[in-house]
Amino acid sequence: MKTREFFKKAFYLYYDGFRQMTLGRTLWLIILIKLFVIFAVLKLFFFPDFIGTRVKVGGEADFVNSQLEQRMP
């Protein structure tokens with residue numbers, strides 16, 4: 001029972017804190033936009049589908065295995 005009360009109090013602590021924010025909401029919005037840019041936009045331009053362009057569907061595991069074996073000392 002005490003664990004449940006702890007989580008309830010912790011939830012309301014953060015809930016009340018975020019509800020009363022004024023400047024913090026703007027900062028969180030900026031943080032979320034930056035995360036979107038980092039994970040969505042940059043992935044499209046800088047991290048192409050390397051395995052998908054070199055191997056047919058179903059042969060991905062064999063391709064990765066062969067690449068790892070070539071690079072092992």
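**Overall form and local contacts of the chain**

The radius of gyration of the chain is 23 Å, whereas a compact globule of 73 residues would have a value near 11 Å. The model is predicted. Along its principal axes, the C-alpha trace spans about 55 × 35 × 30 Å. Of the 73 residues in the chain, 5% are buried.

The chain holds 4 helices and 0 strands, and its elements follow the order α-α-α-α from the N terminus on. Helix α4 is formed by residues 60–71. At 1.5 Å a residue, its 12 residues should span 16 Å, and the 17 Å between its end C-alpha atoms agrees with this. Helix α4 is hardly covered, with a count of 1 buried residue among its 12 residues.

Side chains of opposite charge can pair when their charged atoms come close. With a cut-off of 4 Å between a side-chain nitrogen of Lys or Arg and a carboxyl oxygen of Asp or Glu, the count is 1 salt bridge. A salt bridge joins the side chains of Asp16 and Arg19, with an N to O distance of 2.9 Å. Both residues belong to helix α1 (residues 2–19), where Asp16 and Arg19 are separated by about one helical turn because they are 3 residues apart. Asp16 has a relative accessible area of 29% and is partly exposed; Arg19, at 46%, is also partly exposed.

Technical notes: Residues numbered from 1 in each chain as written. Predicted model: local features only at pLDDT ≥ 70, side-chain atom pairs only at ≥ 80, totals over all residues. Heavy atoms only, no water. Helix = DSSP H or I, 4+ residues; strand = E, 2+ residues; numbered from the N terminus. Expected span 1.5 Å × (residues − 1). Buried < 20%, exposed > 50% of the residue type's maximum accessible area, 1.4 Å probe, protein only. Rg over C-alpha atoms; globule rule 2.2 N^0.38 Å.
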